[in-house]
Amino acid sequence: MTNYDIAAIRDLVARRRPRHALESAFYTSPEIFAADMDAIFNRHWLYVAVECEVPEPGDALAVDIGKSSVIIVRGDDAQVRAFHNVCRHRGARLLPPGPALVGNLVCPYHAWTYGLDGALKFAEHMGDGFDRACLGLRPVALRSMAGLLFVCLSDDPPDDIDDVVRQMEPYLAPHDLKNTRVAHTADLIEYGNWKLVLENNRECYHCMPNHPELTIPLFAYGFGFAPEELSAEDLAQAERYETLRRTSHDRWEAAGLPSRLIEHLDDRPTGFRTERLPLDGSGESQTMDTMAACRVPLGTLRDKAAGGLHFWTQPNAWHHFMGDHVVTFSVIPLDEGRTLVRTKWLVHKDAVEGRDYDLENLTSVWNATNRQDADLVEMTQRGVADPAYVPGPYSPHTEGLVEKFMEWYLARLKAHLG
């Protein structure tokens, strides 16, 4: 039983013009939002946390995803598991959102008590014949990708995650995420549909006029440009970037640091893209002076000019891995017009704030960029809700990755609707 008109959404999907933005209803309709949650967020692998957030037995983290809530917990056997945050008695939430330290998972309502492996250990007043073995917590599919934790709410999750892990772990391993810690978390509610948040992330067409902080370390033309429209000075900058990209890849690959592009954004259920990209200036980090923000390096990285490894996953994440710190982003839809963007900055577990890094310096580029992106998403949400809105064409030079996200989204929606 669905609470949306399948035939009407099929018609919307069928009449979408390729290489054009979507019709207004995709961003404003509660029915399409409900279909998105069913087709996308309840059936695909979602990035939700980092393994270092549950470093010891008893460390737990509850994450809300739409109507669902998931508990991630490290057990006494050191294994990380995920469970639905729903008591098997009368459904109470076991943990509130956020981190917790637990001996067992105890329901605050009637004290039903579950072990860290999800087994029901205690439930009084249930009488003879009560079978605790049948009432353990319901597991949620969980995969750690070199320390990035992905969950899938479906009982039949896409099995291509194994291949994504196989391809990505060599790229991620040098950053040794398991020996990091979260230095800072920022939750930002963007007043726009989740697809506008992803679309905005999948292009840098908007970077030059909107992101003065981000375009200090990042090259604004790194994701495409129309060469005939650039000034001689801008064209020289674009050519400098391409030369640096090519020579950096050669140097990194020769040193055993995987860096070349892998892109599967529109041809598989778990869409992803990765590439190590050079940074401007010193090339060390995404900071205002392009120098490392933390003096304790991550993992095995000793080349300070190791650039930034970007890693996108669909439907809900992007990440930047540098030699001194990592920034991860997750996207959680709240309703058709609001989206939670959660940003985490990771440093080496032994790094001390005030001695090894300054938090303002560590976070300033992406705090500013996130606020700017939130404004862009909100203004677009207002525009696509306007009766005068007509979907416009994407740039063939700078919005090809937006089109790939759209192709992926529509294919997954179509597969769900049948």
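These are my notebook entries on a predicted model of one protein chain.

**Ground rules.** I number residues from 1 along each chain as its sequence is written, and my side-chain values use heavy atoms, without hydrogens or water. As the model is predicted, local features need pLDDT of at least 70 and side-chain atom pairs count only at pLDDT 80 or more, while totals for chains, interfaces and linings use all residues.

**Whole chain.** I looked up the secondary structure and found nine helices and 17 strands; these are DSSP runs numbered from the N terminus, helices being H or I of at least four residues and strands E of at least two. The radius of gyration is 22 Å, close to the 22 Å of the globule rule for 418 residues, so the chain is as compact as a globular protein of that length. The radius is taken over C-alpha atoms, and the rule is 2.2 Å times the number of residues to the power 0.38. Along the principal axes, the C-alpha atoms fill a box of roughly 85 × 55 × 35 Å.

I then checked burial: 54% of the 418 residues count as buried. Buried means under 20% relative accessible area, exposed over 50%, and partly exposed in between (1.4 Å probe, protein chains only). For contacts (heavy atoms within 4.5 Å), I took residues at least 6 apart in sequence, and 67% of these contacts join residues at least 24 apart.

I found the end C-alpha atoms of residues 45-151 to lie 5 Å apart, with the span 0% helix and 41% strand.

**Ile-216.** I located Ile-216 in the loop between helix H6 (207-210) and helix H7 (232-254). Ile-216 is partly exposed, at 31% relative accessibility. Beyond its neighbours within four places in sequence, Ile-216 is in contact with Asp-280, Thr-287, Met-288 and Thr-290. Val-365 is 149 residues from Ile-216 along the chain, yet their C-alpha atoms are separated by 9.0 Å.

**Backbone.** Most residues other than glycine have a negative phi, and most peptide bonds are trans. I noted these cases.

- Arg-19, not a glycine, has a positive phi of about 60°; Arg-19 sits in the loop between helix H1 (6-14) and helix H2 (25-28) and is exposed at 55%.
- Ala-146 also has a positive phi, about 55°; Ala-146 lies between strand S9 (141-145) and strand S10 (148-152) and is buried at 14%.
- Gln-314 and Pro-315 are joined by a cis peptide bond with omega about 25°; Pro-315 is in the loop between strand S14 (308-313) and strand S15 (317-321).
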